[in-house]
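User: Hi! Could you walk me through a few contacts in this one? I'd like to start with some side chains and then move on to packing.

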Amino acid sequence: MTEIITVALNKLDADPKNVRKTYSVEGIEALAANIRKDGYRLLQNLVVRRGDKKGRYFVTAGGRRLAALNLLAEAAEIAKDFAVECKEREGEIATEISLAENLMREDMHPLDQYEAFDALAKQGKDLPTLRRVSAPPKPSCASGWRSPACRRSCCSFTATRT
């Protein structure tokens, strides 16, 4: 069962079955800024399952998005009962869903990222606009990028993308 439903923000709870337990304050603030910039819309729906109490839902996938929305509600930028689009899934597979969401993602290749920013610049986007859509690099190698390509080529732009 996958159904799109709308749930009030104040009816959403962090799911104890969500495998990601730790978030950085800076990451949540950056995500909140991105949500604000896009008119308080999420790029991806939260994945929820029915909660233990009537009318409440656990957020199985999207805990960072939930934290960012709560930050915006605490700042009174959105209502505490802000309508959030969610995908409802079965509770029996909540841990599997959460683990898959967190393990299956892959960072963009540095060349793809460069080409995307170049395209935005050619459209006339200024530096403040480009900064709003970017996230700081995740350093873990000499060149400052953390991705599978980084480990293969140390971010050489001449390497073949896979």
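This is a predicted model: local features need pLDDT of at least 70, side-chain atom pairs count only at pLDDT 80 or more; totals for chains, interfaces and linings use all residues.

User: Which residue does Lys122 form a salt bridge with?

Analyst: Its partner is Asp118, and the closest N and O atoms of the pair are 3.0 Å apart. Asp118 counts as partly exposed, at 26% relative accessibility.

User: And where do Asp118 and Lys122 sit?

Analyst: Both belong to helix H4, which covers residues 110-122. They are four residues apart there, so about one helical turn separates them.

User: How many salt bridges are there in the whole structure?

Analyst: A search of the whole structure gives eight. One of them pairs Asp15 with Arg49, where the closest N and O atoms are 2.8 Å apart.

User: What parts of the chain does that pair link?

Analyst: Distant ones: Asp15 is in the loop between strand S2 (12-14) and H1, while Arg49 is in strand S3 (residues 46-50). The two are 34 residues apart.

User: Are Asp15 and Arg49 buried or exposed?

Analyst: Asp15 is buried, and Arg49 is buried as well.

User: What about Arg36, which residue does it form a salt bridge with?

Analyst: That would be Glu77, with 2.6 Å between the closest N and O atoms.

User: How accessible are Arg36 and Glu77?

Analyst: Arg36 has a relative accessible area of 35%, which makes it partly exposed. Glu77 also counts as partly exposed, at 30% relative accessibility.

User: Switching to packing: at what angle do H1 and H2 pack?

Analyst: Helix H1 (residues 25-37) packs with helix H2 (residues 63-74) at about 70 degrees, and their axes are 8 Å apart. H1 is therefore roughly perpendicular to H2.

User: Which residues make the contact?

Analyst: From H1 you have Gly27, Ile28, Glu29, Leu31, Ala32, Ile35 and Arg36. H2 brings Arg64, Arg65, Ala67, Ala68, Leu69, Leu71 and Leu72.

User: And how many of those are nonpolar, polar or charged?

Analyst: By class, the contact of H1 with H2 has nine nonpolar residues, one polar and four charged.

Technical notes
Residues are numbered from 1 along each chain as its sequence is written. Side-chain values use heavy atoms; hydrogens and water are left out. Axes are lines fitted to C-alpha atoms, for helices over the stretch in contact, and angles run from 0 to 180 degrees between N-to-C directions. Angles under 35 degrees count as roughly parallel, over 145 as roughly antiparallel, 65 to 115 as roughly perpendicular and the rest as oblique. Contact means heavy atoms within 4.5 Å. Ala, Val, Leu, Ile, Met, Phe, Trp, Tyr, Cys and Pro count as nonpolar, Asp, Glu, Lys and Arg as charged, and the others, Gly among them, as polar. A salt bridge is a side-chain nitrogen of Lys or Arg within 4 Å of a carboxyl oxygen of Asp or Glu. Buried means under 20% relative accessible area, exposed over 50%, partly exposed in between (1.4 Å probe, protein chains only).
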